[in-house]
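Hi everyone, thanks for coming.

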Amino acid sequence: MLNVIGQVIRRDLLLAARQKADVLNTLFFFVVVVTIVPLGIGPEPNLLRAIAPGVVWVAALLAAILSLPRLFANDHADGTLEQMLLSAEPLPLIVLGKAAAHWLVTGLPLTLMSILFGVAFDIGRAETSVMVASLLLGTPVLSLIGAVGAALTLGLRGGGVLTSLLVLPLFIPVLIFGAGAVGASAAGVGYAAYLLLLGAFLLFALVLTPWLVGIALRISVE
Amino acid sequence: MTTTTAPRFNLYWFASPQTFYALAGRLIPWFMALAVVLTLAGLYIAFLVAPTDATQGESYRIIFVHVPAAWMSMFLYVVMAFWAAVGLAFNTRLSSMLATAIAPTGALMTALALWSGSLWGRPTWGSYWVWDARLTSELILLFLYLGFIALQAAIDDRRRADKAGAVLAIIGVVNVPIIYFSVKWWNTLHQGASVSVKGSSMATTMLWGMLIMALAFWMYSIAAVLFRVRTIILERERRSDWVRELAAQEKLK
């Protein structure tokens with residue numbers, strides 16, 4: 001039964017590999033957003049060092065939101081989604097596979113790219129590793145919660161913007177603790193609590209969101 | 001079918017849009033009257049009876065609007081999520097209609113709490129807004145209300161809109177305990193809880209004024225929600241016989 005997760009991941013990765021543009025666009029968007037902030041604020045190093053974690057995290061959020069419609073739209077268009085709903089395999093597992101594949105092509109490259117931005121903003125090695133850890137724990141949560149938003153707004157007009165509106169309030173706790181972890185590390189205060197809370201969010205999301213996404217998909221596709 | 005006779009005891013008698021429409025129509029004047037009376041009493045206490053505050057002077061009197069609005073904003077969200085969940089689980093239309101009716105009043109209360117709190121913050125904290133836990137989570141509550149309204153507005157099929165909104169409302173209900181406990185969990189600028197089931201640290205007249213205003217806001221909310229749900233019922237049931245008859249008799253104003 002758990003094989004289905006691997007199957008779905010493999011399929012989604014294959015599809016993503018055939019349309020690399022989608023994947024690279026999201027990563028590129030992330031890079032561009034982070035890059036234009038210093039251009040707008042000015043190159044004062046101390047200021048940039050202070051805002052770096054927040055900027056990287058907000059850009060990660062926006063990039064995640066940007067890539068959400070693609071999560072179910074293609075499958076919905078060609079009928080595969082209906083087959084998934086009718087499948088004998090548990091829908092939450094299929095959803096877990098799709099969210100995992102989504103994270104592998106958006107969240108993970110983003111997290112790795114953030115190492116470069118740790119250097120670009122000159123935040124130091126310790127803070128960079130905390131930032132990478134926070135993104136590593138937080139971006140899967142974004143994929144999972146985002147999947148709920150994508151499922152609820154499947155096929156609706158105004159799609160992408162409406163999804164962002166629904167999903168951003170739910171992302172905010174992840175943002176607060178993710179950026180807060182790096183901020184705490186930079187201030188010399190303990191950051192473990194923040195990372196542990198992010199881990200808790202991840203576990204919570206892993207358990208609850210596949211079920212909720214399943215319900216939302218059945219509502220949207222009926 | 002034009003008239004219905006009530007059976008001896010049926011728990012679900014008012015679960016039908018038709019019977020609930022009539023019930024709501026009879027209840028609204030009572031709740032509005034209560035709201036008006038309680039508001040007058042509360043404002044009388046607020047401005048003429050309650051003493052000047054030791055630290056804040058007269059500006060503290062915003063509390064008589066700010067706290068009731070904030071309490072209602074959280075309470076209405078939970079009630080909305082409850083009815084939306086009932087509608088999702090039992091597939092009852094009226095429950096979902098009620099949830100849809102509650103959302104705008106809840107959003108109004110949230111906006112009022114944020115606005116009055118902002119005006120209160122200026123003389124006491126020195127700024128209209130701070131990014132502390134309680135204010136931020138109350139702002140998130142406003143976004144959740146608006147998201148619920150936006151999602152239901154974007155879906156044409158009413159039943160799909162009901163269910164999708166229900167999923168969203170249920171997910172968002174996690175935010176309400178966060179708002180409530182935020183002053184305890186984080187070091188915030190916002191005042192901690194001075195009222196609890198065990199007692200309060202406020203002067204008695206201030207407490208009574210606040211509780212009466214809270215009750216007034218509650219009565220108003222009920223009246224407003226009942227009024228709105230009647231409109232929603234008429235819209236959604238417009239093809240049914242009883243609505244057509246009401247329209248024909250020009251009883252709909």
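I'll go through confidence, then chain B, then where the chains meet.

First thing to keep in mind: this is a predicted model. The predictor gives the complex an ipTM of 0.88 and a pTM of 0.90. For chain B, the mean pLDDT is 88, and 90% of the residues reach 70 or more.

Okay, chain B itself. You'll find eight helices and two strands in it. Of the 253 residues in chain B, 38% are buried. And if you take contacts in chain B with a separation of 6 or more, 76% of them are between residues 24 or more positions apart.

Now let's zoom in on helix α3 of chain B, residues 93-125. It has 33 residues, so at 1.5 Å a residue it should span 48 Å. The C-alpha atoms at its ends are 46 Å apart, which agrees. There is a kink in α3(B), though: about 25° at Ala103(B), shortly before the proline Pro104(B). And what follows α3(B)? That's Gly126(B), with a positive phi, near 95°.

On to where the chains meet. On this interface, 14 residues of chain B are in contact with 17 residues of chain A. On the chain B side, the elements giving two or more residues are α4 (133-154) and α5 (158-172). α4(B) gives the most, with seven residues. By type, that side of chain B divides into eleven nonpolar residues, one polar and two charged.

Last stop, the nonpolar core. The largest one has 137 residues, and those with the most contacts inside it are Ala60(A), Ala151(A), Ala216(A), Met80(B) and Val167(B). Let's pick Ala151(A) from that list. Which residues does it touch, leaving aside neighbours within four places in sequence? Ala151(A) is in contact with Phe72(A), Val213(A), Ala216(A), Leu217(A) and Ser220(A).

Definitions and conventions:
Residues numbered from 1 in each chain as written. Chains lettered and ligands numbered in written order. Predicted model: local features only at pLDDT ≥ 70, side-chain atom pairs only at ≥ 80, totals over all residues. Helix = DSSP H or I, 4+ residues; strand = E, 2+ residues; numbered from the N terminus. Expected span 1.5 Å × (residues − 1). Bend = angle between axes of the 7 residues up to and from the residue. pLDDT = per-residue confidence, 0-100. Buried ≥ 20, exposed ≤ 12 C-beta atoms within 10 Å, placed from the backbone. Contact = placed C-beta atoms within 7 Å. Nonpolar A, V, L, I, M, F, W, Y, C, P; charged D, E, K, R; others polar. Core = buried A, V, L, I, M, F, W, Y, C linked by C-beta atoms within 7 Å.
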